[in-house]
Amino acid sequence: MISIGIIEDNHFQLNNYKEFLEDFQECKVVFACRSMEEFKALPYKDPDVKAILLDISLPGESGISGMEELKRIYPEAKIIVLSGHDGKQYVIESIMKGAAGYIIKTSRLMEIYHSILDAINQGGTLSPKAAHLLIDHVSKDPLEYVKDKLTKREYELLHLLKEGYTYKEMAEKLYVTVFTVNQHLKKIYQKLNVASKSELISKIWSNSLY
């Protein structure tokens, strides 16, 4: 038996998904909620949930924000984002937060059913558009996403930082002082909304500078 949870704020779609999935003998919808708050208020949470269909645009707490709680309660469940958004930032953030799949809401109901099976049996599932966006993301130089936010010199420093240069080595390579390097890096931190060199390097290598 495949125990499934659904969190979707649209009442019609929520019932549509629930009724469709329960037509399959092996599927059982154990909860169907319209928000993270409604889910948290459930008096009982079935421990054997195998898959969760999750809308990310929810009233109150967003689906992306709620993933941490869902993964804490159901560490083995596959979370499949079912969203009307097909922008790269939504796909990437959902996957980085722990989603095992990302499906666009325009997908046919049978495709959603097969996506659940794929996530459970193969570990993950992506709609063709989401797969394309993810491949484009991981194959692109992470610094390209922030090139337009930085000056030419700041962009040069960011590349040197990525390659592992020390402040002194960066200063020598660019024929400036270490003080100047520090001033440039402070401006980079502000523009990229990071607090430290270690946080910046972490974002570079996790490909999350977008």
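Is Asn 193 buried or exposed? In this predicted model, Asn 193 is exposed, with a relative accessible area of 65%. The residue lies in the loop between α9 and α10, the latter spanning residues 197-205. Its backbone deserves attention, for the phi of Asn 193 is near 60 degrees, a positive value in a residue other than glycine. Most residues other than glycine have a negative phi.

Tyr 175 provides another example of this backbone setting. Although Tyr 175 is not a glycine, its phi is positive, at about 60 degrees. Tyr 175 is placed in the loop between α8 (167-174) and α9 (178-192). With a relative accessible area of 78%, Tyr 175 is exposed.

Another tyrosine, Tyr 155, is found in helix α7. Tyr 155 has a relative accessibility of 12% and therefore counts as buried, the limit for that class being under 20%. When neighbours within four places in sequence are left aside, Tyr 155 is in contact with Leu 143, Glu 144, Lys 147 and Leu 150. The C-alpha atom of Tyr 155 is separated by 9.8 Å from that of His 184, a residue 29 places away along the chain.

Helix α7 also carries a charged pair. Glu 156 and Arg 153 form a salt bridge in which the closest N and O atoms are 2.9 Å apart. Because the two residues are three residues apart in helix α7 (residues 152-162), about one helical turn separates Glu 156 from Arg 153. Glu 156 is partly exposed at 30% relative accessibility, and Arg 153 is likewise partly exposed, with a relative accessible area of 30%.

The salt bridges may now be considered across the whole structure, where a search finds seven. Side chains of opposite charge can pair when their charged atoms come close. One of these salt bridges joins the side chains of Glu 22 and Lys 18, with an N to O distance of 3.2 Å. Glu 22 counts as partly exposed at 35% relative accessibility, and Lys 18 counts as partly exposed at 29%.

A further salt bridge brings together the side chains of Lys 105 and Asp 55, at 3.1 Å from N to O. This pair links distant parts of the chain, the two residues being 50 residues apart. Lys 105 is in the loop between β5 (101-104) and α5 (109-122), while Asp 55 is in the loop between β3 (49-54) and α3. Asp 55 counts as buried, at 2% relative accessibility. Asp 55 and Lys 105 also belong to a network of salt bridges that includes Glu 8.

How do the axes of α3 and α4 cross? The axes of helix α3 (residues 63-73) and helix α4 (residues 88-97) come within 9 Å and cross at roughly 20 degrees. Angles under 35 degrees count as roughly parallel, and α3 and α4 are therefore roughly parallel to each other. The crossing in which α3 passes α4 is right-handed. At the contact, Ile 64, Met 67 and Lys 71 in α3 meet Glu 93, Ser 94 and Lys 97 in α4. The residues of this contact comprise two nonpolar, one polar and three charged.

Notes. Residues numbered from 1 in each chain as written. Predicted model: local features only at pLDDT ≥ 70, side-chain atom pairs only at ≥ 80, totals over all residues. Heavy atoms only, no water. Axes fitted to C-alpha atoms, helices over the stretch in contact; angles between N-to-C directions. Helix = DSSP H or I, 4+ residues; strand = E, 2+ residues; numbered from the N terminus. Parallel < 35°, antiparallel > 145°, perpendicular 65-115°, else oblique. Left-handed = near helix turned anticlockwise from the far one by under 90°. Contact = heavy atoms within 4.5 Å. Nonpolar A, V, L, I, M, F, W, Y, C, P; charged D, E, K, R; others polar. Salt bridge = Lys/Arg side-chain N within 4 Å of Asp/Glu carboxyl O. Buried < 20%, exposed > 50% of the residue type's maximum accessible area, 1.4 Å probe, protein only.
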